[in-house]
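Work through the exercises below with the structure open. Each task is followed by a solution in steps.

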Amino acid sequence: MTLAEAIVRAKAGEQDGFICLFWHTVPHVWLAAAMLGCSKPGEAVVQIYRDAMASLDSLRSPSDLRVWIGTRAYAVLLRQEEREGTEIPSLSDAAQAAYSLMGKLPRLERLALLVLCGEGCSAPQASEILSQQEIEIKRALRRARQQLSEQMKQAYPAVSCNMNGLIALLAQMRTEQTEADKAQLQEMLCCVQTGEAYTQPEAAEQSITADHADIEDKSEEKSGFFHKLFRSHRFG
């Protein structure tokens, strides 16, 4: 099913259309919830997609998808208290180091990374989603890249923090997180569809505590989990 077909079916009330839209976009929303340190990410995701289901009429085409879901997602996530990012399982050592650093950046820097690099939005789209001036988002991304580059090159000099490198890193994070939490995400989808309440597992609230030394000590343990970089799709 193409995204265009999914939109038509979802707007007609067909569940398979909405399910397609959910699985296409939820990896981005789920990563954003983790990187922003959302204390109850499952409940937030359920609320986001209930809002999305109720506003399907405003979704016109695949080109609108980034802004349509992004606006709803960040409206919910940014109402949460600002915290450090929460853990993502099964990342490679380099990706875990990068994610740990990203999760400790100021919120606007994290948002710039998520929306411009992770979701492939243009600066005007990012401005609409985040209700921030384009220039401020661009400056935040520049600050984030500079900080990540300076800190990553000490332990992982081969990891690139240019735009393509960050896009690849965030794609890896989305894929690993979605694969690890697929059953949990399926439960969230069921709650969205049925209207039932979602109960947040306590384990999802664990915060990032590993520093570079911790990551290096666990390299053998993590190597068995990381197999390959899966192909990733961006909104729209």
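**Exercise 1. Overall content**

Task: State how many helices and strands the chain of this predicted model has, and what percentage of its residues is buried.

Solution. 
1. The secondary structure amounts to 12 helices and zero strands.
2. Written along the sequence, the pattern is α-α-α-α-α-α-α-α-α-α-α-α.
3. Of the 236 residues in the chain, 50% are buried.
4. Among contacts with a separation of 6 or more, 75% come from residues 24 or more positions apart.

**Exercise 2. The pair H3 and H4**

Task: Classify the packing of helix H3 and helix H4 from their angle, then describe the contact.

Solution. 
1. H3 covers residues 41–54 and H4 covers residues 65–77.
2. Their axes are 9 Å apart and meet at an angle of about 140°.
3. Angles over 145 degrees count as roughly antiparallel, and those from 65 to 115 as roughly perpendicular. The pair H3 and H4 is therefore oblique.
4. The handedness of this crossing of H3 and H4 is right-handed.
5. On the H3 side, the contact is made by Ala-44, Gln-47, Ile-48, Tyr-49, Asp-51 and Ala-52. H4 supplies Trp-68, Ile-69, Arg-72, Ala-73, Val-76 and Leu-77.
6. Sorted by class, the contact of H3 with H4 holds nine nonpolar, one polar and two charged residues.

**Exercise 3. The pair H5 and H9**

Solution. 
1. H5 contributes Ala-95, Ala-98, Tyr-99 and Met-102 to the contact. From H9 come Leu-166, Leu-169, Leu-170, Gln-172 and Met-173.
2. By class, the contact of H5 with H9 has eight nonpolar residues, one polar residue and no charged residues.

**Exercise 4. Val-159**

Task: Locate Val-159, decide whether Val-159 is buried, partly exposed or exposed, and list what Val-159 touches.

Solution. 
1. Val-159 sits in the loop between helix H8 (134–155) and H9.
2. Buried means under 20% relative accessible area, and exposed means over 50%. Val-159 has 21% relative accessibility, so Val-159 is partly exposed.
3. Leaving out residues up to four places away in sequence, Val-159 touches Ala-94, Met-152 and Leu-169.
4. Between Val-159 and Ala-98 there are 9.0 Å in space, C-alpha to C-alpha, and a sequence distance of 61 residues.

**Exercise 5. Gln-200**

Task: Find which backbone nitrogens the side chain of Gln-200 approaches.

Solution. 
1. Gln-200 belongs to the loop between helix H10 (182–194) and helix H11 (212–217).
2. With a relative accessible area of 11%, Gln-200 is buried.
3. The Gln-200 side chain reaches the backbone nitrogen of Gly-42 at 2.7 Å.
4. A polar atom of that side chain of Gln-200 lies 3.4 Å from the backbone nitrogen of Glu-43.

**Exercise 6. Two serines**

Solution. 
1. Ser-90, in the loop between H4 and H5, has a positive phi near 70°.
2. Ser-131 has a positive phi near 55° and lies in the loop between helix H7 (123–130) and H8.
3. The relative accessible area of Ser-131 is 66%, so Ser-131 is exposed.

Key. Residues are numbered from 1 along each chain as its sequence is written. This is a predicted model: local features need pLDDT of at least 70, side-chain atom pairs count only at pLDDT 80 or more; totals for chains, interfaces and linings use all residues. Side-chain values use heavy atoms; hydrogens and water are left out. Axes are lines fitted to C-alpha atoms, for helices over the stretch in contact, and angles run from 0 to 180 degrees between N-to-C directions. Helices (H or I, at least four residues) and strands (E, at least two) are DSSP runs, numbered from the N terminus. Angles under 35 degrees count as roughly parallel, over 145 as roughly antiparallel, 65 to 115 as roughly perpendicular and the rest as oblique. A crossing is left-handed if the near helix is turned anticlockwise from the far one by less than a right angle, and right-handed if clockwise. Contact means heavy atoms within 4.5 Å. Ala, Val, Leu, Ile, Met, Phe, Trp, Tyr, Cys and Pro count as nonpolar, Asp, Glu, Lys and Arg as charged, and the others, Gly among them, as polar. Buried means under 20% relative accessible area, exposed over 50%, partly exposed in between (1.4 Å probe, protein chains only). A polar contact is a pair of N or O atoms within 3.5 Å; within protein, one must be able to donate a hydrogen and the other to accept it, and residues adjacent in sequence count only if both atoms are side-chain atoms.
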